[in-house]
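Here is a friendly briefing for anyone meeting this structure for the first time. Take a look at the sequence and the model, then read on topic by topic.

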Amino acid sequence: MKTLLDTKQLDITLQRLAHQLIENHTQFKDTVLIGIQPRGVWLSDRIAGLLKGITGQQSIPYGKLDITFYRDDVHQGNEIHVPSQTEIPFSIEDKNVILVDDVLHTGRTIRSAMDALIDYGRPKSVELLVLIDRRFSRELPIQPDYVGRTVDTIITQKVKVYWKEKDQKDEVVLID
Amino acid sequence: MSLSVKHLLGIKELQPEDIQTIFRTADNFKQVLQRQIKKVPALRDTTVANIFFENSTRTRISFELAQKRLSADVVNFSASGSSVSKGETLIDTVNNILAMKVDMVVMRHSASGAPWFLANHIDASIINAGDGINEHPTQALLDAFSMREKLGDLKGKRITIIGDIMHSRVALSNIYCLNKLGAEVMVAGPPTLIPKHIEGLGVKVEYDVKKALQWGEVANVLRIQLERQHKPLFSTLREYALYYGINKQMLDDLQKEMIIMHPGPINRGVELSSDAADSKQSIILDQVENGVAIRMAVIYLLSGKSELE
């Protein structure tokens, strides 16, 4: 097991990602943040909090998207996936959407997320923010726009992200 | 974490956690049904046959819509005008349909127990859409789901089921379902329409409808099923309406906002008067709306279970 980001590094990385978003979207006027359920939401919660602090705005338009019904492996595993909640309390029509997920691996989750998103409306643009990019394991032509850390991994390895809200610590590790 | 069962034959066989999983999934589908695009691609690879040996409007349309909202392929079969009238057996009929690569069967049958019999003989997942006077599981699930929407967690809540308990599969499935969710259940109606020893299922029995209304928070009023009564169990419909029918005046006299439900089709003016059925307290149309979400949840959660054996 190897630590990819410790508490301090994770904090700096999140700060940087938030600033990069502001660099491109200034006041978040026509931009919305959407975290992918279940694990991307921990990251998007943090990013939304940081953005509020930095911009001094009361609220950043922020939603959560469940992609269970859009997966391409609904009937491949042994277990059927039970969905989490989708909460998008605004229209995404003509908005710049920033999809947020913790780890980008094969790209299949993001493919599902884009299909799910478009069933809620037609966004002006969609960007992707991830904390960890496992760059050599893509199975679909999908690339992130904002990356916390890029790592080279093999398929048998696992990246695990811990959040202090649920795991009592902030850390990202690579498990062999 | 999926369901503990391969088929939905009856509520009797479900675990309380199964019911909660179905509810949580139905919450999501209800949200999907309120979008502009009321459809998800989850069951693109699944074909479902709706096999109805008994008449149905609501249940059948509800199942078919649920399947279409999940992007499943659907075939419909009704016994009248089919090979069944030529004397084909149930297993032959279903096996012939399954031979055309159907993954799941939704069946309504007038014989109690027919879905269990079928489950022993075929591999596909079966959803019981009502068997005789035994169970109607998806109705009970959508009833409890609609109550949960109004009352929150049903633990300790008081639910009255009023009317023809004897001939009602809705009543039996409701009792099982509400018991598993921790609600208190009372059945009320004329003594001839309440089976003896029903207390053994853990329900209270009341023959005075007004008292039953006083006791409960929800009244699930059932249809008088004239087609299932082979000998008369009350003198006239008018007498039934007079002593056991629910009207707006009775509800107004209660000092509380009682929730009124009915699984349909309503005999207006018999078990439920029009002013009560159309009142603000009535959530009859919410039940119908929730039916699609509940059936989507059940079909989705059971899909893909056929290949696992």
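Of the 176 residues of chain A, 39% count as buried, where buried means that 20 or more other C-beta atoms lie within 10 Å of the residue's own, exposed means 12 or fewer, and partly exposed lies in between, with C-beta atoms placed from the backbone. In chain B, buried residues make up 48% of the 309 residues. Please keep in mind that this is a predicted model, in which local features need pLDDT of at least 70 and side-chain atom pairs count only at pLDDT 80 or more, while totals for chains, interfaces and linings use all residues. Residues are numbered from 1 along each chain as its sequence is written, and chains are lettered from A and ligands numbered from 1 in the order in which they are written.

**Chain A as a whole**

- Chain A has 4 helices and 8 strands; these are DSSP runs numbered from the N terminus, with helices being H or I of at least four residues and strands being E of at least two.
- Starting at the N terminus, the elements of chain A follow the order β-α-β-α-β-β-α-β-β-β-α-β.
- A compact globule of 176 residues would have a radius of gyration near 16 Å, and chain A agrees because its value is 16 Å; the radius is taken over C-alpha atoms, and the globule rule is 2.2 Å times the number of residues to the power 0.38.
- Along the principal axes, the C-alpha atoms of chain A fill a box of roughly 45 × 40 × 30 Å.
- Among contacts in chain A between residues at least 6 apart in sequence, 69% join residues at least 24 apart; two residues are in contact if their C-beta atoms, placed from the backbone, lie within 7 Å.

**Two helices that meet in chain A**

- Helix α1 (residues 7-25) and helix α2 (residues 40-55) of chain A have axes that come within 9 Å and cross at roughly 60°; axes are lines fitted to C-alpha atoms, for helices over the stretch in contact, and angles run from 0 to 180 degrees between N-to-C directions.
- On the α1(A) side, the residues making this contact include L14(A), L17(A) and L21(A), while I47(A), L50(A) and I54(A) are among those from α2(A).
- By class, the contact of α1(A) with α2(A) has 9 nonpolar, 3 polar and 1 charged residues; Ala, Val, Leu, Ile, Met, Phe, Trp, Tyr, Cys and Pro count as nonpolar, Asp, Glu, Lys and Arg as charged, and the others, Gly among them, as polar.

**A sheet in chain A**

- Three strands of chain A form an open sheet in the order β1-β8-β7, with antiparallel pairing; two strands pair if DSSP finds at least two bridges between them.
- At the edges are β1 (2-5) and β7 (158-162) of chain A, each pairing on one side only.
- Neighbouring strands of this sheet are turned by 30° against each other on average, direction ignored.
- β1(A) and strand β8 (residues 171-175) of chain A are joined in the antiparallel sense over 3 bridges, and K2(A) stands opposite L174(A) in β8(A).

**Chain B as a whole**

- Chain B has 11 helices and 9 strands.
- Its radius of gyration is 19 Å, close to the 19 Å that the globule rule gives for 309 residues, so chain B is as compact as a globular protein of that length.
- The C-alpha atoms of chain B fill a box of roughly 55 × 45 × 35 Å, taken along the principal axes.
- Among contacts in chain B between residues at least 6 apart in sequence, 76% join residues at least 24 apart.

**Sheets and strands in chain B**

- An open sheet of 5 strands in chain B has the order β7-β6-β5-β8-β9, with parallel pairing.
- β7 (204-206) and β9 (259-261) of chain B stand at the edges with a single partner strand each, so one side of each is left without a neighbour in the sheet.
- Strand β8 (residues 218-221) of chain B pairs with β9(B) in the parallel sense over 3 bridges, and N220(B) has M261(B) in β9(B) as its bridge partner.
- Helix α6 (residues 169-180) of chain B lies across β5 (158-162), β6 (184-188) and β8 of chain B, at about 160° to β6(B).
- Elsewhere in chain B, strand β4 (residues 125-131) is mostly covered, with 7 of its 7 residues buried.
- Strand β3 (residues 104-109) of chain B runs parallel to β4(B) and is joined to β4(B) by 5 bridges; H109(B) stands opposite D131(B).

**Where the chains touch**

- The contact takes 17 residues from chain B and 13 residues from chain A.
- Helix α1 (residues 16-33) of chain B gives the most to the side of chain B that touches chain A, with 5 residues.
- That side of chain B divides into 7 nonpolar, 7 polar and 3 charged residues.
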